[in-house]
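Please keep the sequence and the model in view while reading the numbered points.

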Amino acid sequence: MTHIEPFAGFGLGLRRPHYPDFLGGDVDVDFVEVISENFMVDGGKPLAVLDTVRCRHEVALHGVSLSPGSAHGVDRDYLTRLKALADRIEPLWVSDHLCWTRSSAHNSHDLLPLPYTAEALDVICTNMMIAQDILQRPLLLENPSSYLSFPENEMTEWEFLSEVAQRTGCYLLLDVNNIYVSAHNHGFSAHDYLGGLPLERVRQIHLAGHTPGEIAIDTHDRAVCAGVWDLLELALARTGPAAVMIERDDAIPPLADLLAELATARSIAAGVNRAAAA
Amino acid sequence: MTLAEQQSGFIQGLLANDALLPEHWQARERAGYEIYRNAYRARLIDALRETYPRTARLAGEEAFQAAAAHHLITHPPASWTLDDAGLHFDRTLEALFPRDLDVAELGWIEWAMQVAFTAADADTLDRPALTAATAAFGAQAWQDLRLAFVPGLAVRLVEHDCLRLWPLLGGDESIDAARELAPLSEAQGCIVWRGGLCSTFTMVSAPEARALAAMQTGANYADACELLVHLLGEEPALQLAGTMLARWLDQGWITRVSA
């Protein structure tokens with residue numbers, strides 16, 4: 001299993017409304033992230049677009065269907081297709097979520113929550129090892145937003161995630177918006193969460209907007225809020241160099257708006273670097 | 001309870017409103033679970049609406065939502081890709097709208113176009129390439145001629161003029177004209193494929209569509225001609241046999257010939 005070098009860049013998710021921008025010229029990003037499943041196809045426009053974008057930018061593959069927490073095991077056909085895409089694109093890395101999406105018969109197409117138990121830990125570590133073996137590369141695992149915390153939990157999410165990283169050698173994709181949302185929903189401290197993770201294993205950071213409420217929802221349909229920017233600053237001071245990006249999946253604004261948000265992320269990172277150098 | 005049992009129960013609860021949730025769950029867990037349940041339905045219905053935009057307009061929003069919800073109950077998604085959620089939705093539409101078969105026919109076209117959109121890339125054969133490939137063919141080789149078609153090419157018979165129907169459902173204007181479109185006097189063939197990077201479709205006569213479907217599933221040129229003679233009689237069949245091959249080449253449907 002190879003090591004993943006840090007990549008300290010700033011990027012955006014590649015979304016359909018922005019295809020003309022990315023195909024037409026230089027967009028001021030250091031990398032783009034694509035949803036792996038959208039390009040795990042046999043041919044046609046999606047792969048043609050991705051091949052063109054790849055000629056100009058580094059690409060990170062971000063999946064939603066690996067289902068590493070599934071008690072019914074990994075889908076080897078899925079992994080074979082994912083490996084073919086990774087071999088074609090030569091991405092910075094391949095990531096997915098600390099979650100499960102399917103049972104033996106059905107797929108929810110949602111990032112469902114795991115109980116943080118010893119049994120679930122064994123399951124996800126086994127699945128991650130198989131997945132990394134088939135993909136022949138370490139994965140990045142992202143902390144999810146969740147709306148349900150199981151009474152059966154035997155450890156915190158950050159303890160669980162840390163143990164997965166330690167046992168499997170995977171890296172972390174730190175979603176600071178997800179920490180913010182889940183901290184609100186489950187009443188834990190976002191600072192405790194950050195403090196409990198092996199942050200030296202973080203290679204990428206996600207930023208996004210969410211819908212506030214009694215239960216906050218990770219909607220990716222609005223700008224990043226002030227509390228999440230504060231968390232980013234805190235995280236960057238501890239992670240070392242990492243790739244930072246903004247996710248927007250709904251109510252997608254013009255590219256210029258997202259680039260302006262990304263400029264905020266660059267500014268925060270520059271401030272952290274200055275403080276570290278002082 | 002094992003993790004596998006817990007996860008199976010969790011998914012069953014997403015699929016059915018009346019599924020029992022764990023007794024020890026309090027209001028907070030139940031409220032959180034409802035978010036997953038609502039998101040499951042909304043996401044999948046949105047996925048169907050994205051795959052079937054014109055079908056949704058023709059059926060009407062309320063009827064389409066009900067059909068989509070019914071389809072998700074009878075065909076819960078099993079594939080890793082959300083794109084497959086609409087698999088066989090045209091059959092669901094045919095069962096739910098038996099007196100409005102244009103809805104199911106349009107659904108079939110939209111599904112076939114989605115499949116063709118990401119089908120494998122392939123080089124197509126043009127007329128000079130066919131001439132070169134068959135230059136040494138004798139009469140028997142022509143009879144044994146078999147064709148390979150572009151991945152994603154789909155054929156079926158339809159009872160409505162889908163070429164007229166399609167643009168009537170593309171904009172924001174009234175769809176009254178689409179709803180009032182009378183069925184064809186006799187069925188025609190509808191062919192879906194991808195030309196370059198875009199999916200498209202056209203209509204051909206029913207005999208030509210049947211000949212194409214036969215050759216797509218392995219029939220040779222002699223079998224296809226025999227089918228045409230059976231359907232049309234000898235003289236019209238011979239005329240069509242020549243022109244259809246030229247059309248298939250010009251449309252970019254053929255990738256390879258063999259004998």
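1. The UniProt record, in an unreviewed entry, places the feature "domain: Putative DNA-binding" at residues 6-89 of chain B. UniProt positions are given in the numbering used here, feature names are shortened, and annotations may be inferred rather than shown by experiment. Over residues 6-89 of chain B the chain is 68% helix and 0% strand, and the C-alpha atoms at the ends are 30 Å apart. Helices (H or I, at least four residues) and strands (E, at least two) are DSSP runs, numbered from the N terminus.

2. This is a predicted model, in which local features need pLDDT of at least 70 and side-chain atom pairs count only at pLDDT 80 or more, while totals for chains, interfaces and linings use all residues. Residues are numbered from 1 along each chain as its sequence is written, and chains are lettered from A and ligands numbered from 1 in the order in which they are written.

3. In chain A, eight strands form a closed barrel in the order E1-E2-E3-E4-E7-E8-E9-E10, with parallel pairing. Neighbouring strands of this sheet are turned by 30 degrees against each other on average, direction ignored. Two strands pair if DSSP finds at least two bridges between them.

4. Strand E1 (residues 10-13) of chain A runs parallel to strand E2 (residues 31-35) of chain A, and three bridges join them. Three bridges also join E1(A) to strand E10 (residues 243-246) of chain A, again in parallel. A:Gly11 has A:Phe31 as its bridge partner in E2(A) and stands opposite A:Met245 in E10(A).

5. In total, 32 residues of chain A are in contact with 35 residues of chain B; contact requires C-beta atoms, placed from the backbone, to lie within 7 Å. The side of chain A that touches chain B has 16 nonpolar, ten polar and six charged residues. Ala, Val, Leu, Ile, Met, Phe, Trp, Tyr, Cys and Pro count as nonpolar, Asp, Glu, Lys and Arg as charged, and the others, Gly among them, as polar.

6. The axes of helix H3 (residues 76-89) of chain A and H4(A) come within 9 Å and cross at roughly 40 degrees. Axes are lines fitted to C-alpha atoms, for helices over the stretch in contact, and angles run from 0 to 180 degrees between N-to-C directions.

Terms used
Two residues are in contact if their C-beta atoms, placed from the backbone, lie within 7 Å.
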